[in-house]
Amino acid sequence: MQEVVPINTTDVTAQRTLLINALGAEDSSIRLQAVLAAGSNPDPVFLEIFVERCVVETDFFVRDMLSWALTRLSPEITLPRIRKELDSERSQARSQALHTLSKINDKSTWAWITRDMLRDANDEVARTAWRVAVVLVPEDEEMDLVDELVLQLGRGNRSLQLSLSRAFVDLGEVTKPALEKAAKHPDPHMAAHARATELLRQNPETGFDAAIEEAKRTVGLGPERAAAAAAAGTRVAETAEPAAATDPAGRTDPAQAAEDRETVGC
């Protein structure tokens, strides 16, 4: 007869208490280290603590570590619990659950990504849904996903639009027909975003801001007039005297340099 090893409930309770107390610390580095330690020695008793902390954690890096810690647990117990969070009324719970799904990358969870998530009124939830959808979508459903994402073109601020453009770029060539059609949409914001996204898809080294400005110019003037204006601008630039450098040493503002180097693949 196999000997039954008793579970020391006192030790389990003590471990849970220590983790809960550490996650309640004001210093985010203490919280980060606590999750790292717990995730390095994965134990199902921590599942509920990790999930509940995802809902209220204010620090991005700690939240990301919580997702990592959840990936260290068995998907058999983690995925059903995460699925419940997708229906939460709290936007951070939904967003973090989606983020964790992208880290686990279990293709069977594709069916959990609904149109409501892709259209969520909360920008962070929608942004995360777009990202995880691109990761999980089966090849034969890519066109349906593209048709859904097209509806979000022109939405939100620069950061949100860049996130959506990245999703299209990651999906690849399959997005081209939908983007070309959307580039002719009567809504100038949607049209410009679609055109800029296609420019980025063709050349990921193009900066997002430059692509948007070129797209807006094309939408505003029309393709033929925009091309003529661009050609005229090139001729003027070739004959003009070089502008004096703002900084005698020829240095560039670091913030501007970082902006100029930004590409859709960042």
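A crossing of two helices is called left-handed if the near helix is turned anticlockwise from the far one by less than a right angle, and right-handed if it is turned clockwise. The model shown here is predicted.

Start with helix 3, residues 47-56, and helix 4. Their axes come within 10 Å and cross at roughly 150 degrees. Angles over 145 degrees count as roughly antiparallel, and helix 3 and helix 4 are therefore roughly antiparallel to each other. The crossing of helix 3 and helix 4 is left-handed. On the side of helix 3, the contact is made by Leu 47, Phe 50, Val 51, Arg 53 and Cys 54, while helix 4 supplies Arg 63, Leu 66, Ala 69 and Leu 70. Sorted by class, the contact of helix 3 with helix 4 has seven nonpolar and two charged residues, and no polar ones.

Now follow helix 4, residues 60-71, to its contact with helix 6, residues 91-104. The axes of helix 4 and helix 6 come within 9 Å and cross at roughly 50 degrees. Helix 4 and helix 6 are therefore oblique to each other. Which hand does the crossing of helix 4 and helix 6 have? The crossing of these helices is right-handed. Helix 4 takes part in the contact through Arg 63, Asp 64, Ser 67, Leu 70 and Thr 71, and helix 6 through Gln 92, Gln 96, His 99, Thr 100, Lys 103 and Ile 104. By class, the contact of helix 4 with helix 6 consists of six polar, three charged and two nonpolar residues.

Definitions and conventions: Residues numbered from 1 in each chain as written. Predicted model: local features only at pLDDT ≥ 70, side-chain atom pairs only at ≥ 80, totals over all residues. Heavy atoms only, no water. Axes fitted to C-alpha atoms, helices over the stretch in contact; angles between N-to-C directions. Helix = DSSP H or I, 4+ residues; strand = E, 2+ residues; numbered from the N terminus. Parallel < 35°, antiparallel > 145°, perpendicular 65-115°, else oblique. Contact = heavy atoms within 4.5 Å. Nonpolar A, V, L, I, M, F, W, Y, C, P; charged D, E, K, R; others polar.
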